[in-house]
Amino acid sequence: MMQKEDFLNQLREALAMDLPAQSLTEHLLYYEDYITKEIADGKAESAVLRSLGDPRLIARAILDTLSDDRSAEDTRESYENHTTHSHARREGFQQKHGSRPRRRSSGWPIPFWIILIIVLLIFFLMLRTLLSLFFLETPLFLLIILFVFIIRHMRRGWR
């Protein structure tokens, strides 16, 4: 059966290679205080140590948490360095060429007006089906005009 000192020694051994001395001491003091407090509250030492589990698993969790924190710091520093570098490049471009670099388009592969025409075409098709009992020629005539407009622009090119 493990005792408090055995638990803390195993935890120390598992953490000693990967943590600075100050951080190691803080973690060991935390667990020592926790065990002491639980015993003072009337729990048996063996029950407290059983509830904590294997000290090597606790050490692994501590190291993984610290590793995640370091990764987050590295990511934040990398982003800040990239942003600073990107800003410097932009300023250099402006000084050299006297203007701002051209921005890329919004990312839409199809111009907005083409999408608008397609939506209108669908609207008129729906309108035609709804009103076909009353006005057969009018929606059909509008569709023909819209279709001719699209064909004319296709022949000129999508500019």
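Phe-123 counts as partly exposed, at 46% relative accessibility. The structure described here is a predicted model. Phe-123 belongs to helix α5, which covers residues 112-131.

Leu-66 is part of helix α4. Between Leu-66 and Leu-19 the separation is 47 residues in sequence, and the C-alpha to C-alpha distance is 9.2 Å.

The two residues with stated accessibilities are set out below.

| Residue | Helix | Relative accessible area |
|---|---|---|
| Phe-123 | α5 | 46% |

The largest nonpolar core contains 15 residues, and the members that touch the most others are Phe-7, Leu-11, Leu-15, Leu-19, Tyr-31, Ile-58 and Ile-62. Two or more residues of this core come from each of α1 (4-16), α2 (21-40), α3 (45-52) and α4 (55-97). Another core, of five residues, lies apart from the largest one and includes Ile-117, Phe-124, Leu-146 and Ile-150.

Which residues are in contact with Tyr-31, leaving aside its neighbours within four places in sequence? They are Phe-7, Leu-8, Leu-11, Leu-52, Ile-58 and Ile-62.

Technical notes: Residues numbered from 1 in each chain as written. Predicted model: local features only at pLDDT ≥ 70, side-chain atom pairs only at ≥ 80, totals over all residues. Heavy atoms only, no water. Core = buried A, V, L, I, M, F, W, Y, C linked by side-chain atoms within 4.5 Å. Buried < 20%, exposed > 50% of the residue type's maximum accessible area, 1.4 Å probe, protein only. Helix = DSSP H or I, 4+ residues; strand = E, 2+ residues; numbered from the N terminus. Contact = heavy atoms within 4.5 Å.
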